[in-house]
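Please read it alongside the sequence and the structure.

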Amino acid sequence: MSNQAILWSMLIVPWLTLFFIPKENIKYFMPVALFSALTSILVVEAGENLGWFTYAEVALPLRTHSYVIFGLNIVTTIWLFHFAYGRFWFYLAIDIILNFGFIYLFHVYFLGSRGLFQEVGITPFVNAVITTLDGVLIYGYQMWQEGILVRSEKNIYRTKLQPAAAKSLRDDNPDE
């Protein structure tokens with residue numbers, strides 16, 4: 001299989017797996033998945049600029065290695081939260097296993113053997129620790145989102161946000 005086919009499959013194939021998750025859960029966990037993509041982009045940009053690792057090839061015609069983040073990262077985050085959200089220690093254990101597996105087996109062994117990825121200024125262990133800390137951050141983000149999103153009686157997620165004009169102008173406190 002060519003490197004380009006592998007790179008493009010990392011972008012497209014994960015999205016096809018979302019047909020197996022209820023649409024409501026995808027909508028509910030999409031904000032945390034996008035936040036995960038944002039934080040991952042920041043970590044990868046810092047890693048490349050600090051010389052921690054290099055990507056040798058991109059999925060043409062793209063200029064960056066965003067195929068990993070916008071494919072695998074977003075969809076894996078949705079799946080992880082679908083199965084593990086609400087049980088932090090279970091989430092953390094699965095996240096650690098996925099991070100070490102992805103970095104050691106996929107990045108170092110598979111992509112590294114094809115010349116697509118190379119860690120030069122950081123060990124795979126430190127890379128996995130940084131990725132796990134990012135996972136804790138995105139879990140905290142989803143917990144913060146819980147204050148905004150609520151389920152209605154129809155099991156549809158709606159926001160609790162209201163414009164200021166919808167709030168009462170008078171104080172209805174009968175105790176005074």
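A residue is called buried when its relative accessible area is under 20%, exposed when that area is over 50%, and partly exposed in between. By this definition, buried residues make up 36% of the 176 residues in the protein. The model is a predicted one, and the values below should be read with that in mind.

**Overall architecture**

- The protein has five helices and four strands.
- Followed from the N terminus on, the elements of the protein are arranged in the order α-α-β-α-α-β-α-β-β.

**The largest pocket**

- The largest pocket has a volume of about 630 Å³, and of the 28 residues that line this pocket, S40, N73, N99, F102 and T131 are the closest to its centre.
- At least two lining residues are supplied by each of the helices α2 (23-49), α3 (66-84), α4 (88-113) and α5 (124-145), and the strand β1 (53-55) likewise supplies at least two.
- By residue class, the lining of the largest pocket divides into 14 nonpolar, twelve polar and two charged residues.
- N99, which is among the residues closest to the centre of the pocket, lies in helix α4 and counts as buried because its relative accessibility is 9%, a value that falls under the 20% cut-off.
- The C-alpha atoms of N99 and I130 are 9.5 Å apart in space, while the two residues are 31 residues apart in sequence.

**The nonpolar surface patch**

- Y104, L105, F125, V126, V129 and L133 together make a nonpolar surface patch of about 560 Å².
- Helices α4 and α5 each supply at least two residues of this patch, and the largest share, four residues, comes from α5.
- V126, one of the residues of the patch, lies in helix α5 and counts as partly exposed because its relative accessibility is 38%, which is between the cut-offs of 20% and 50%.

- Although T77 and A33 are 44 residues apart in sequence, their C-alpha atoms are 5.4 Å apart in space.
- T54 is found in strand β1, and this residue is partly exposed, with a relative accessible area of 38%.
- Although T54 and F117 are 63 residues apart in sequence, their C-alpha atoms are 5.8 Å apart in space.

Technical notes
Residues are numbered from 1 along each chain as its sequence is written. This is a predicted model: local features need pLDDT of at least 70, side-chain atom pairs count only at pLDDT 80 or more; totals for chains, interfaces and linings use all residues. Side-chain values use heavy atoms; hydrogens and water are left out. On a 1 Å grid over the protein atoms alone, a cavity is a set of points where a 1.4 Å probe fits but cannot get out, and a pocket is an open set with protein on both sides within 12 Å along at least five of seven lines; lining residues have an atom within 4 Å of a point. Grid points are joined across faces, edges and corners, and a volume is the space filled by probe spheres set on the points. Ala, Val, Leu, Ile, Met, Phe, Trp, Tyr, Cys and Pro count as nonpolar, Asp, Glu, Lys and Arg as charged, and the others, Gly among them, as polar. Patches are made of residues with over 30% relative accessible area and no salt bridge: like charges are joined within 9 Å, nonpolar side chains (Val, Leu, Ile, Met, Phe, Trp, Tyr) within 5 Å. Accessible areas come from the Shrake-Rupley method with a 1.4 Å probe; for residues, only the protein chains shown count as cover. A salt bridge is a side-chain nitrogen of Lys or Arg within 4 Å of a carboxyl oxygen of Asp or Glu. Buried means under 20% relative accessible area, exposed over 50%, partly exposed in between (1.4 Å probe, protein chains only).
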